[in-house]
Amino acid sequence: MTTKRTMTLNLTDAEMSVLEQLSIQKDITKTAVLRQALRLYQLIDTRLRGGERLFFEDEIAKEKKELVVL
Amino acid sequence: MSPSRTIALQDMSSGALVPAQLIEQVDSAYAHRADDSWLSFIAAQTACAPPEGLSVSGLELQHAHWRWEQKVQSVGSLLSYPTLGIECAGEVQGLMLLRTDGEFGRLAEQLHHPIVYVVFLAAAPWNLPAVVAEPRFRGVGTALLRAAVEISGELGFKGRVGLHSLPQSEAFYHRYGMRCLGIDEDKERLNYFEMDVDTAAAFIR
């Protein structure tokens, strides 16, 4: 389908370890994890720039914490 | 210009396969063109249908109220919401909106694994046997569903696809081996369907 372009990505050992763990947990490739992360980042960024806010809610502690992203 | 590739539809007047373009990211102007022509067609069908024939005029079409321009505008250029269209004979023959984030499998063997979710999928009304006695093109829904499975594969989701079906379309999804997991109380009491990895592989083979 869509043409893809290749880039080199430099990750630390810790970052690569997280990437590998997510790849196993989600049953998708490491490339798929990063592409998914990009889509999610764009989605959150667009909605935050549109004036919406993102919270994590802890139902037990009855706490809401706002997630702030770059 | 949105990327596109050539697919085949069956021209029902001749029975021949004809080339069509699968467009991979449609814009709101394109969706507006579909709304215009599809709604005009339904209105014309409704106007000329005899009273006893209203059930096949489009009035009974369960997605006749969908407005694609609004749907496409609402997702803008978000990568999480691919929008696809099929163009043939100078007309929009079908449209689909997908979501690729935050949807997970419900079948036991793919529980919690990411899936591509078909938010909306529709063929032009002149291609629907429920609306016209002689549809113009066959294969629009199949081509769109196939594209959803292919995108799922490209994203690393192994072809897993899920959707809530309008009652009028359930037989179509059954035909392609999607499994019905029953009524979803949280989704307008629509039946939820899901395609597993093996079925997806067989479908796009």
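Strand S1 (residues 4-11) of chain B pairs with S2(B) in the antiparallel sense, over seven bridges. Strands are DSSP runs of E, at least two residues, and helices are runs of H or I, at least four; both are numbered from the N terminus. Two strands pair if DSSP finds at least two bridges between them.

This is a predicted model, in which local features need pLDDT of at least 70, side-chain atom pairs count only at pLDDT 80 or more, and totals for chains, interfaces and linings use all residues. Residues are numbered from 1 along each chain as its sequence is written, and chains are lettered from A and ligands numbered from 1 in the order in which they are written.

In the hairpin of S1(B) and S2(B), five residues lie between the strands. There, Gly15(B) has a positive phi near 85°.

| Strands | Bridges | Facing residues |
|---|---|---|
| S1(B) and S2(B) | seven bridges | Arg5(B) and Leu22(B) |
| S2(B) and S3(B) | three bridges | Gln21(B) and Glu87(B) |
| S1(B) and S6(B) | two bridges | Gln10(B) and Arg138(B) |

The open sheet of chain B has nine strands, ordered S6-S1-S2-S3-S4-S5-S7-S9-S8, with mixed pairing. S6 (137-138) and S8 (179-184) of chain B each have a single partner strand, so one side of each lacks a neighbour in the sheet. Helix H1 (residues 28-48) of chain B packs on the sheet and touches S3 and S4 (91-99) of chain B.

Chain B also meets chain A. Here 16 residues of chain B are in contact with 16 residues of chain A; contact means C-beta atoms, placed from the backbone, within 7 Å. Helix H3 (residues 140-154) of chain B gives the largest share of chain B's side, three residues.

How values were computed: Two residues are in contact if their C-beta atoms, placed from the backbone, lie within 7 Å. Axes are lines fitted to C-alpha atoms, for helices over the stretch in contact, and angles run from 0 to 180 degrees between N-to-C directions.
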